[in-house]
Amino acid sequence: MNARKYFYSIALLLAVTAGCKKESFTDTSFVNGITSPAKLSVLFDITQDNTGLVTITPNGEGTVSYDVYYGDAGSAFVKVAAGKNVQHTYAEGNYTVKVVGHGLNGKTTEFSQPLTVSFRAPENLKATVAISGLNINVSASADYETLFKVYYGDSTNVSPVPFKSFLEGQTVTHSYAGAGVYIVKIVALSGGAATTTYLDTIKVGKQIDLPVTFDDPNYDYTTSDFGGNISSVAVDPTNAANKVLKAIKGAGSEVWAGTTIGTSLGFATKIPVTALSSKMSVRVYSPAAGLDIKLKIEDHNDGTHAVETDVKTTVANKWETLTFDFNSPAAGTPALNAAYSYDKASLFFNFGVSGDGKAYYADDLKFVPSAPPLKQIDLPVTFDDATFNYAVTDFGNDQTVDSVDPTNAANKVKLTTKVAGAETWAGVTIGTPTGFATKVPLTATNSKMSVRVYSPAAGIDIKLKLEDHTNGAKSVETDVLTTIANGWETLTFDFSKNASGTPALDLSTTYDKASIFFDFNVSGSGKKFYWDDVKFVAAAPEVLALPLTFESSTLSYATTDFGGGVITVIDNPHKTGIDVSNKVGKMVKYNDQNYGGSFFTLPSPIDFSTKKTFTMKVYSPRVGAKVLLKVENLTDGTVSYQVEVPTTKANDWETLTFDYSAINASKSYQKVVLIFDNGTNGDGTANYTWLFDDISLN
């Protein structure tokens, strides 16, 4: 804008201003004619979703605005223009809403209106209770609900009754302590006091399965009667602490009346009957002997897949165990078919006879597995392991039977009688003609077997013979004389010392059959011999122990070196004088620490209770070299004892003696420590090389 235009605008504005005439309005008489607010009212619109949301619309004549007081705790008023409304959320309850109307003249009028907020009860409540054994899963849905509570029905004697809360879309789980009938209550809550309840009577319990005892509170012992039978779980007529099945064959009931053990679903698992294991057993208490009891098993999904068999009672008014073998089906009924899934069982009491109202009791329905086949006899033979076939084979008129140890009734043994007139070579093969399951592991250094024998006299010849069960010509035998009468002794038979005139031990032969001959080469006279514990005598495993000779080909003579001392085991380079052994220890002391040495760790503590003198053969490069022999505790080096002895020979073997008479024998020592020339550094030369051997405690 240029200066001329700006000036013109200012002038025009001044002219307009100067041209206006000021007037005064002081007449308010029209206001005095306006009346105060009148005919006040309030309209409540309550949202029907249990949220408590209320729309409040005030009305009145001559009113330009309203003050609305909600009437609940802590709420101030809110200003609402005429023709408008306001929303407020209430909890369920009764309230007084006050409205103050304001007129144009500034005058006010009050009006109060009661308000009731009542929530709607949930509708269309649907609940799902899924049962699995002792567990249930609960879920629910409903309209207008805010929360669900479930009461499981197993704590009705507790106050307050416990419950579990959950929301729609959630599933809650509960485990019952025992089987039984429970009332499950599900309560759907609204936003306030209104509720809707769902009740469900359920029966929980693990599905019945074998063995059936009627005593386990975790199982559902529901039974299913047919043909007029009436059954229940009752008290044992002979033991009030025992629960059993009681079945009354009602008067006039069908000849085929019976009871299914469990529901129509049968057992939780199939009965494992096979052609080789085809039996079940039931304890029965019957009013008479000679009554037919039938047991029928079937596939609960297909009743045509069934097998049944009958057993007669043998006692009256007493318990007895009846065993039913389905390999023997009742006449005219299907045979056992192991391919079927038999998982349901029914009992028929006094089958084939109409009911007369008498009661029968049953308990302990079980599958009877066949005993597993016995294992072939093998060493060691103890006669105490029920899984082995301890059959033996007599020859030459010996007679062997199972017996009891004459000195220990709990021990099983064999008793062989060499009856009068039995052959001089009469004996008994230990097992069947097939012998042992595995060969006797004889070796050149382990060629012994032992047998415990209880003989009627000392000096009797007992022969033990081994052979290849497929070729009796391949054999070895040896003899031992008894040393005591009427007492047990262990006789050891060394097959490296075969009986005169018999084949020598041949380690290429498979010796897998043994025979024992009592009073060999003497005709039978009725003598009796007990015998037991036929064993292969394995050599004791070698362990590192005193004396340390370094001659073992299986032991590891490992040492722990320290401070420059190094021990190795070498071929003896000086087989002369007092040491002509093949192996010796060698210590080389290098230039590291003046206390350099090494130690052996023994697997068990050294016994100083009676022996307290060490000896060791030493080959020294010079006279006067100090040899320290020390023993230490395995973990505590402060528990130790040491003796130092000088060499007296050079380049020759000598025996050094270490006096340990002052050692505390109550302590434990497992380390043997050697230090040569303690206090002097070595240099690794021949002058610091020693040989040693035969560390012994005497």
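Reader: What's the strand order in the open sheet of four strands?
Author: The order is 4-3-6-7, and the pairing is antiparallel. Strands here are DSSP runs (E, at least two residues), numbered from the N terminus, and two of them pair if DSSP finds at least two bridges between them. This is a predicted model, where local features need pLDDT of at least 70, side-chain atom pairs count only at pLDDT 80 or more, and totals for chains, interfaces and linings use all residues. Residues are numbered from 1 along each chain as its sequence is written, and side-chain values use heavy atoms, with hydrogens and water left out.

Reader: Which are the edge strands?
Author: Strand 4 (77-81) and strand 7 (108-117), each pairing on one side only.

Reader: And how many bridges join strand 6 to strand 7?
Author: Ten, with strand 6 covering residues 93-102. Lys98 sits opposite Ser112 in strand 7.

Reader: Switching topic: how many cavities of 30 Å³ or more are there?
Author: Two. A cavity is a set of points, on a 1 Å grid over the protein atoms alone, where a 1.4 Å probe fits but cannot get out; lining residues have an atom within 4 Å of a point.

Reader: What lines the second largest cavity?
Author: Val212, Phe214, Ile261, Val282, Leu347, Ala362, Asp363 and Leu365. Strand 24 (residues 359-368) gives the most to that lining, with three residues.

Reader: And which residues line the largest cavity?
Author: Among them are Ile46, Asp49, Phe119 and Arg120.

Notes:
1 Å grid on protein atoms, 1.4 Å probe; cavity = no way out; pocket = protein on both sides within 12 Å on 5 of 7 lines; lining within 4 Å. Points joined across faces, edges and corners; volume = space filled by probe spheres on them.
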